[in-house]
Amino acid sequence: MSGEGKEPQAIRKLQPGKLVIASHNAGKVREIAALLEGRGLDVVSASALDLPEPEETGTTFVMNAELKARAAADLSGLPALADDSGLCVDALGGDPGIFSARWGGPEKDFGHAMRLVEDKLAETPDAPRDAHFVCALALAWPDGHVEWFEGRVDGTLVWPPRGDKGHGYDPVFQPVGHDATFGEMDEPAKNEISHRGDAFRQLVDAVF
Ligand SMILES: O=c1nc[nH]c2c1ncn2[C@H]1C[C@H](O)[C@@H](COP(=O)(O)OP(=O)(O)OP(=O)(O)O)O1
Ligand SMILES: [Mg+2]
């Protein structure tokens, strides 16, 4: 017997039934639904429930994922899973980071956002083009309990954009060890290596 500290808190399991996907991004909702398939969950998106899109006032991916998950769990009375994610570019000091969606402007125009990243990189042509995607997941229950997971994938930014299979910044992101961009990959191939796939593998191990 060792230690007088408390036992680590057990991770709460997710029971079969309804789960809200607390996202208004159709591309993310599609990937998340696929990653959760076959687990006895009846998934419904925040958009389908007409839930409001909360303001993302957090300063980290995890904080924003948590506030989105809590808002949806409170309003729906159901467990809710939120994803806060983004592209971090080394030479831009980690930008756009948590502001990745906001760089698309009110129109959510990622052609514009990708060009903005490229224009900023072009100011220092010799700078490395390394970047990574981060995905923070927060799973919240109506009683206030929350579990968190974080995934990551490293890669390089390419220009011009290639492929139209993904969403967001996928056409300019080439993951390490691959010749295709995320925009050129089928969804299952992307999920196998993506930040979201990484975070979901941790979630699945923990809560099922
Ligand atoms: O796999 C990805 N492939 C390409 N781009 C991605 C990916 N994952 C995140 N991203 C970029 C675009 C997205 O808009 C932003 C996330 O911002 P984020 O606030 O988490 O999501 P969002 O505002 O689009 O939807 P919501 O907050 O309702 O879930 O980062
Ligand atoms: Mg958002």
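I began with Lys-108, which sits in the loop between S3 and H3. My helices (H or I, at least four residues) and strands (E, at least two) are DSSP runs, numbered from the N terminus. Lys-108 is not a glycine, yet its phi is positive, about 50°. I then asked how exposed Lys-108 is. Lys-108 counts as partly exposed because it has 15 C-beta neighbours inside 10 Å. For the record, I call a residue buried if 20 or more other C-beta atoms lie within 10 Å of its own, exposed if 12 or fewer, and partly exposed in between, with C-beta atoms placed from the backbone.

A note on the source: this is a predicted model, where local features need pLDDT of at least 70 and side-chain atom pairs count only at pLDDT 80 or more, while totals for chains, interfaces and linings use all residues. Residues are numbered from 1 along each chain as its sequence is written, and chains are lettered from A and ligands numbered from 1 in the order in which they are written.

Next I checked Asp-50, another non-glycine with a positive phi, here about 65°. I found Asp-50 in the loop between strand S2 (41-45) and helix H2 (61-76). Asp-50 is exposed, because 7 other C-beta atoms lie within 10 Å.

Then I went through the cis peptide bonds. One joins Asp-95 and Pro-96, with omega about -5°, and Pro-96 lies in the loop between S3 and helix H3 (110-122). Another joins Trp-159 and Pro-160, with omega about 5°; I placed Pro-160 in the loop between strand S5 (146-157) and strand S6 (173-175).

On to ligand 1. I counted 23 residues around ligand 1, the closest being Ser-23, Asn-25, Ser-100, Ala-101 and Gly-168; a residue belongs here if its C-beta atom, placed from the backbone, lies within 6 Å. Which element gives the largest share of the shell? It is strand S3 (residues 80-89), with five residues.

I finished on Asp-84, in strand S3. The UniProt annotation "active site", from an unreviewed entry, covers Asp-84; such annotations may be inferred rather than shown by experiment. Is Asp-84 buried or exposed? Asp-84 counts as buried, because it has 28 C-beta neighbours inside 10 Å. Leaving out residues up to four places away in sequence, Asp-84 touches Phe-61, Asn-64, Ala-65, Lys-68 and Ala-136 (contact: C-beta atoms, placed from the backbone, within 7 Å).

How values were computed
Contact = placed C-beta atoms within 7 Å.
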